[in-house]
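Here are a few exercises to work through with the model open beside you. Try each task before reading its solution.

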Amino acid sequence: MSSAPQRYTVTAALPYANGPVHIGHLAGVYIPADIYARYLRAQQRDVKFVCGSDEHGVPITIRAQKEGVTPQQVVDKYNAIIRDSFQDFGISFDIYSRTSSKTHAEVASGFFRKLYEEGKFIEQTSQQYYDEKADQFLADRYIVGTCPNCGNENAYGDQCEKCGTSLSPTELINPRSMLSGNQPVLRETKHWYLPLDQYEPWLREWIVEGHKQDWKANVYGQCKSWIDQGLQPRAVTRDLDWGVPVPVEGAEGKVLYVWFDAPIGYISATKDLLPDTWETYWKDQGTKLVHFIGKDNIVFHCIIFPAMLKAHGDYILPDNVPANEFLNLEGDKISTSRNWAVWLHEYLQDFPGQADVLRYVLCANAPENKDNDFTWKDFQARNNNELVANLGNFVNRAVVLTHKFFEGKVPAAVGFTTEDEDVLRLLQEFPARIGELIDNYRFRDALNELMNLSRLGNKYLADMEPWKLIKTDAARTGTVLHVSLQLAASLVTLLEPFMPTAAARLGAMLNTEKGTWPQAGRPDLLAAGHQLAEAALLFTKIEDATVEAQVQKLLDTKKANELAAAVSAPAKDDVSFEQFQQMDLRIGTIVAAEKVAKTKKLLKLSVDLGFAEPRTIVSGIAEHFLPEALIGQQVQVLLNLAPREIKGIQSQGMLLMAENADGSLSLMQPSSPVRPGSGVA
Ligand SMILES: [Zn+2]
């Protein structure tokens, strides 16, 4: 598109309504999309920012079945949680719709019917797995079996999550139904396919030749590799009862495949928002369409959906698809099933009112070109060193000093020095510089430029030292604060796309409102005499204990995962009954316990085993038990283990312990106290 677009349609990936959203979603999709939309609004562009819940497909019906509720109840629950999280984090959608809406059913079904009537689909009958007990075809994840590639026994009908291989159900070894656990049978069924192979020459021209320069390298590379591998016809229908029914005769019991139906959700959301004028945002060539997604959705948004739009013929194509890579968490891949995530609704419980801090950290550390890692230590450091010490500090000093020396009124500027003029000249360059980076989807760099503006302000204050200057030259002090306050006022507008709440708080403090983007660098945003409101802290320091608690929460999750995943050690070789009988197992009571000097692990125990004298046993359990906590406890002892000398102490037997998967130890105690020396048999 050479001339400036007349309007923008900005979409953010439809979150799948079978779970809450986490920081990976925010960093990958919603924060960059929101910055872009807010920036375009500040540029006074005509922009519609649309999103909604993706509410169809097999994972939702499987979850409903597991939880004993209806699919509708599943999507109602998560749609509400997701919608609230987006609102709490200031994601400024013009509409957040749902693919279970009536509008969507009409739009998606009309889309399918047009392609059907124009002969754009291939009809094909094939053999698919059918569960005779459940009386149902087994679409996608309703079928599991052994992966032919890695041997994982729980590979899905469409993908093995262990090795990442894409599969078709008939490739699975020992297939079984998720519904009944039975072995399914093959039955004939008819489906409609979009012949992607027919669109290959066009896709090659449009993407490989047409978007080599302007699409991100990671996006372009993935598309090119898909096209180079050769595209296959792709089924757009499924045998399922949850979804948009296939609107043609002979398609009873079939719905649109979720990946045909979901991207049409962008169109129906726009129609929900603008029932009369929505078409302008999807069909007029003056509209620039931009899809924000994560890298796992690249093929659907760059190849399949554009092929659908092209086949339909009435729609514009995406101008850009600035997909991000993945965000990891503390060095490990974010995983919903392992609960390895920072959930947005939980973050706000622990950090109330601090949505902007997370927005900042996730943008400053965004996985724009490669996978990136979120750590709580980095979160704390960025908050304390960048938000508090740079941005917050600059604004605070300018406002506090104005209150202290000038009764909170913007002082007049009395003649500018070269330094003042330099700062004001640099200020005027920031809106265009930050804007150009946003226009090119370089949000990290844009945010860094924004922070450079506040660094400029801090340096200026540090060089001018108005807190000293006031003693000798009040007029000059006034000029310095006048200049500083212009910088602070420009931040109200320039900060807003990145941290909308902080921008509003800053605006309140300066008693001004955000303006338009091109005007944000003006050197006269606040007139002399303008009254400021009270100073307030924009950001507060995050203490070590706060982030340590978050790290501990993750360590607890990791431990729980390890325990859940632990498998029994293989059985040892058989022993005869005679061999077993040779072992003298007893219950004893610990009567004394102390650490063995100069050792970390050893305890010296005296154990009453019913003999005249207690036995001495040295045991390597000092890191697991306090000596005083053991006194009085009954324990199991192997009495006739040959005596050994350990650290100069004769040990006469061995304590038996249960060892947990994480290495922690448990005493083996009788369920009620027994007489010391009782045999175990
Ligand atoms: Zn596999």
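**Exercise 1.** Does asparagine 458 count as buried or exposed?

*Solution.* Bear in mind throughout that this is a predicted model. Start by locating the residue: asparagine 458 lies in helix 14. Next, take its relative accessibility, which is 12%. The cut-off for buried is under 20%, so asparagine 458 counts as buried. Finally, look at what surrounds the residue: leaving out residues up to four places away in sequence, asparagine 458 touches Ala389, Asn390, Asn393, Phe394 and Arg397.

**Exercise 2.** Check the span of helix 14 (residues 443-464) against what its 22 residues should give.

*Solution.* The expected span uses one less than the number of residues. Then step just past the helix, where glutamate 465 takes a positive phi of about 50°.

**Exercise 3.** Work out how helix 2 (residues 58-67) and helix 3 (residues 71-88) are arranged, and describe their contact.

*Solution.* First, the axes of the two helices come within 8 Å and cross at roughly 100°. Angles of 65 to 115 degrees count as roughly perpendicular, and therefore helix 2 is roughly perpendicular to helix 3. Second, list the partners: helix 2 contributes Ile60, Thr61, Arg63, Ala64 and Glu67, while helix 3 contributes Pro71, Val74, Val75 and Tyr78. Third, sort them by class: the contact has 6 nonpolar, 1 polar and 2 charged residues.

**Exercise 4.** Which residues of helix 4 (residues 102-117) are buried, and what do they pack against?

*Solution.* Begin with the helix itself: helix 4 has 16 residues and reaches 22 Å from its first C-alpha to its last, close to the 22 Å expected. The buried residues of helix 4 are Thr103, His104, Val107, Ala108, Ser109, Phe111, Phe112 and Leu115. As for their partners, the buried residues of helix 4 pack against strands 3, 9, 11 and 12, and against helices 7 and 9.

**Exercise 5.** Describe the setting of Thr336, where UniProt places a "binding site" feature in an unreviewed entry.

*Solution.* Threonine 336 sits in the loop between strand 16 (332-333) and helix 10 (344-350). With a relative accessible area of 47%, threonine 336 is partly exposed. Setting aside neighbours within four places in sequence, threonine 336 is in contact with His22 and Trp343.

Key
Residues are numbered from 1 along each chain as its sequence is written. This is a predicted model: local features need pLDDT of at least 70, side-chain atom pairs count only at pLDDT 80 or more; totals for chains, interfaces and linings use all residues. Side-chain values use heavy atoms; hydrogens and water are left out. Axes are lines fitted to C-alpha atoms, for helices over the stretch in contact, and angles run from 0 to 180 degrees between N-to-C directions. Helices (H or I, at least four residues) and strands (E, at least two) are DSSP runs, numbered from the N terminus. Angles under 35 degrees count as roughly parallel, over 145 as roughly antiparallel, 65 to 115 as roughly perpendicular and the rest as oblique. Contact means heavy atoms within 4.5 Å. Ala, Val, Leu, Ile, Met, Phe, Trp, Tyr, Cys and Pro count as nonpolar, Asp, Glu, Lys and Arg as charged, and the others, Gly among them, as polar. UniProt positions are given in the numbering used here, feature names are shortened, and annotations may be inferred rather than shown by experiment. Buried means under 20% relative accessible area, exposed over 50%, partly exposed in between (1.4 Å probe, protein chains only). The expected span of a helix is 1.5 Å times one less than its number of residues.
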